[in-house]
Amino acid sequence: MIQNPILKGFHPDPSIIRVENEYYIATSTFEWWPGIRIHHSRNLKDWELIEYPLNRISQLDLRGVGASQGIWAPCLTYDNGIFYLVYTVVNSFYCNMYDTNNFLITATNIHGPWSEPVALNNFGFDPSLFHDTDGRKYMVSMVTDHRVPKKYAGRLVLQEYDAAAQKMTGPVREIYQGKKIFLEGPHIFKRNGWYYLFSADTGTGELHGQTIQRSRSVWGPYEMYQPDFAYRENGNEAFSILTSRHHEDILLQKAGHCDLVETPNGEWYAVHLCGRPCDRRNPADAARFPNARRYMLGRETAIQKMRWTEDDWLIMDCGGNTPQNEVEEPTCCTPADTKAPHFTRDDFNTKELSLEYQSLRIPMTEQYVSLTQRPGYLRLYGRSGLSSKFSQTLIARRITEYDMEISTKLEFEPEIFKQMAGMVILYDTDNYFYLHISRDEDCGKCITLLKAENKTYEYLTGYLPISEHIPVLLKITMHNGYFSFFFCLEEEEWVPLAEHIDGSFLSDEACTEGWFTGTMAGICCQDLTGFGKYADFDWFEVRETM
């Protein structure tokens, strides 16, 4: 059996393809650099991170974008030896007029090199490219509407793409107008003479779901499948063939935003985003999402087995529309040659950083990090503060369970309180715990713990003096979303700084700006003097403790 989620922690908006016996999934990365994560599998069960296609500043410049903006909903397709990847770069959100810039890159090898971006139309986000059997190509996307009130709850538009000229061509036509039912994340498939419009419905929260429509023409009109099992409480809910709606007791919540793949043996699977909530909620008087459950891990990727009915509609193979924790493997799956070892401890003995790491908005060039200045250590040069949307020195990995342990060993000799280095648990630039070394005028070199919650800042400890010129170990434990913080000098006992601190505000629902990513664990360095004081990290470990 395949255990869900297949991609744990912050991996939303999955798009899947099969090329011969190889499967690839692309997921959203938002403000994190490089852009778009691609995982590979041979059996739909064992997945390995292999690539970031947007890895050059000429392709992607995220400086200044807000939390949860940047790269949205990539769509990965393959046709005649070429990989196609379309995606949105969101530069303005949380406003009346969104800026949703859609682009396409291509490659003949999944590992690249990937092309420079080709600009597409910008009607809305979630673009998807469809390759028709006659060789023509079309892009479908949702449409944003800044008017007050909006004319429709949701719209989808279709336009042809000229691959030879590398530009959109012909008319832009609406193929869906919903007065009550909102659709996004559309994909088009063709089977048995039918064009299928496969779309996410009803937002991205706990009401999220997936619908399917069909037409004999790519331009529509499309008929929505309305099966008896698609229970609805009101007319604003879609006829979802996959959803967690009305099932608060199941593990996989927020199910929706699907994509489809067919195995060589003719079996069908859908990948979809999902979330696993913690046991805490927003307060009843929260400005946004009152009483909402909190999802610290962000939106993850799961998989479900599907099948086609005799009258050519797509349904879940298990019946009903509720996502399953365990899914039957394909009958024709290829065993993994070797299962990639689970990456936990990094001793920084390689020439390049692991693919597991991402930075905020910019690449970590030699101006920010070095693996060669001191072999066996990662040197981080202090730059801007943790609120910066332009030039942070920070690398981070995903938190994948509610029980984790994060630790590091570093050497850092700050000269002034404006120089800091340490370990961070972070959702976005307004929400984090920062366990770090600095210097205070009264106590000298010290260690302290800073908490930021929606731009409210407090130190959870005082400034605790520590010895000069001695390596320091930092540790953060997480149990059911509660954090405890420790430090020690080399070969001494762990000293607790703060224990059992509720970290559930590091979640999609509790953060007041960003709400599409997930909690990350990282190491970082700041020098607000501008002189670039560095810290040397001997190792960094992030492991599950379940």
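Phe10, Phe30, Trp72, Phe125, Phe289, Trp515 and Phe516 form one aromatic cluster in this predicted model. Rings of Phe, Tyr and Trp (its six-membered ring) are paired if their centres lie within 6.5 Å; planes under 30 degrees apart are stacked, over 60 edge-to-face, and the rest tilted. The count under this rule is 27 aromatic pairs.

One of them joins Phe130 and Tyr138, which are stacked because their planes stand at 25° with the ring centres 6.4 Å apart. Phe130 is buried at a relative accessible area of 5%, and Tyr138 is buried at 4%; buried denotes under 20% relative accessible area, exposed over 50%, and partly exposed in between (1.4 Å probe, protein chains only).

Phe433 and Phe505 are edge-to-face, since their planes stand at 70° and their centres 5.3 Å apart. Phe433 belongs to strand S32 (residues 431-440) and Phe505 to the loop between strand S38 (495-502) and strand S39 (520-527), so this pair ties together parts 72 residues apart in sequence. Both Phe433 and Phe505 are buried.

The criterion places NZ of Lys or CZ of Arg within 6 Å of the ring centre and within 35 degrees of the ring normal.

| Charged residue | Ring | Distance to ring centre |
|---|---|---|
| Arg214 | Trp194 | 4.1 Å |
| Arg379 | Tyr534 | 3.7 Å |

The secondary structure of the chain consists of zero helices and 40 strands, taken as DSSP runs numbered from the N terminus (helices H or I, at least four residues; strands E, at least two). The chain has a radius of gyration of 24 Å, close to the 24 Å given by the globule rule for 546 residues, and is therefore as compact as a globular protein of that length. That radius is taken over C-alpha atoms, and the rule is 2.2 Å times the number of residues to the power 0.38. Along the principal axes, the C-alpha atoms fill a box of roughly 75 × 50 × 50 Å.

Of the 546 residues, 60% count as buried. Among contacts (heavy atoms within 4.5 Å) between residues at least 6 apart in sequence, 59% join residues at least 24 apart. The chain exposes about 21400 Å², of which carbon and sulfur atoms supply 47%; accessible areas follow the Shrake-Rupley method with a 1.4 Å probe.

Residues are numbered from 1 along each chain as its sequence is written, and side-chain values use heavy atoms, without hydrogens and water. As the model is predicted, local features need pLDDT of at least 70 and side-chain atom pairs count only at pLDDT 80 or more, while totals for chains, interfaces and linings use all residues.
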